[in-house]
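Student: I am new to this structure and would like to learn how to read it. Where do we begin?

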Amino acid sequence: MAQSKISDFANRLAKNPKGLSLGLKLLIAAGGLGYGLTQSVYTVDGGHRAIIFSRLGGIQNGIYPEGLHFRVPWFHYPIIYDIRSRPRKISSPTGSKDLQMVNISLRVLSRPDALALPQMYRQLGTDYDERVLPSICNEVLKSVVAKFNASQLITQRQQVSLLIRRELTERARDFHMILDDVSITELSFGKEYTAAVEAKQVAQQEAQRAAILVEKAIQEKQQKIVQAEGEAEAAKLLGDAITSNPGYLKLRKIRAAQNISRTIANSQNRVYLGGNTLMINVADKDFDVTSDRILGKKK
């Protein structure tokens, strides 16, 4: 049914040349109108800004936010900028203050200044980060790292990072760029320096171990001296006690006899020894011979 209607309409146009030309004109006008409407509007997505290039006046100073906007077809061309922060990693080998090679890497979050997009486009274009960041990052890294020794780069890493961020932010501001974050992601040294640091650590550990051994030997020596002094003092006191009171020697002999008797009584072996040998002849007259001699000498 639909095909028959189309064929009838085509036959009528074929029979009437004026109708055919009118239909073509209407079709062309509708197509041109539709093309003009589509080319006269453009959309700025979220997180983007637009500037206009005019064939008559060049880059316009206006900055267009997110949303739908109108333009003059063929005369105006929108240039869209992504103003969201974009990460970029930059590595640079450089030298420290003590002439050590340092491999340092930065992670930079950068975005264009939304208020200076026309100037940025005139100077750098849309690939501003490729043109600016590698050069200024290498320059700042070399200038900052050269102020510190290799050991200071490790112990004062936070201070180094803050100094790099401050100087890099100031340099990027000259190119209408904003740096949201600058952080050191990698910091390494050459193989020779790493081996020297490891050897130094080993030497320090060995020196500490030797110091501990020396301290231990000194303590043991002091302990032996104190022990010897104590034994000498104990011997002196024991001699004085025996000299001043012979009964003390009797008491010691009695205690020794008790210990010997207890040991023999608990033993399962048979012992055939004299009482004088075993110091258990407490009732014998010879038991007090030594103490009597000491007492006689005292008198």
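Tutor: We begin with a term: a residue is buried when its relative accessible area is under 20%, exposed when it is over 50%, and partly exposed in between. This is a predicted model. In it, tyrosine 81 and tyrosine 128 are both buried.

Student: Is tryptophan 74 buried or exposed?

Tutor: Tryptophan 74 counts as exposed because its relative accessible area is 54%, and the cut-off is over 50%. Phenylalanine 75, at 33%, is partly exposed. The ring of tryptophan 74 also has the charged end of arginine 55 over it, 4.4 Å from the ring centre.

Student: How should I read a nonpolar core?

Tutor: In soluble globular proteins, nonpolar side chains tend to be buried together. Here the largest nonpolar core has 35 residues, and Leu106, Val108, Ile164 and Leu168 have the most contacts inside it. Among the elements that each supply at least two of its residues are strand E7 (101–112), helix H6 (157–173) and strand E8 (177–189). The largest share, nine residues, comes from H4.

Student: Which residues is leucine 106 in contact with, leaving aside its neighbours within four places in sequence?

Tutor: Its contacts include Leu141, Ile164, Leu168, Val182 and Ile184, and also Arg88 and Lys89.

Student: Where does threonine 94 lie?

Tutor: Threonine 94 lies in strand E6, residues 86–95. It is classed as buried because its relative accessible area is 6%. Beyond its neighbours within four places in sequence, threonine 94 is in contact with residues including Met101, Ile104, Lys142 and Val145.

Student: What is the strand order in the open sheet of three strands?

Tutor: The order is E3-E2-E5, with antiparallel pairing. E3 (58–59) and E5 are the edge strands, each pairing on one side only. Strand E2 (residues 48–54) pairs with E5 over seven bridges. Phenylalanine 53 stands opposite tyrosine 77 in E5.

Note on methods
Residues numbered from 1 in each chain as written. Predicted model: local features only at pLDDT ≥ 70, side-chain atom pairs only at ≥ 80, totals over all residues. Heavy atoms only, no water. Core = buried A, V, L, I, M, F, W, Y, C linked by side-chain atoms within 4.5 Å. Buried < 20%, exposed > 50% of the residue type's maximum accessible area, 1.4 Å probe, protein only. Helix = DSSP H or I, 4+ residues; strand = E, 2+ residues; numbered from the N terminus. Contact = heavy atoms within 4.5 Å. Lys NZ or Arg CZ within 6 Å of the ring centre and 35° of its normal. Pairing = 2+ DSSP bridges.
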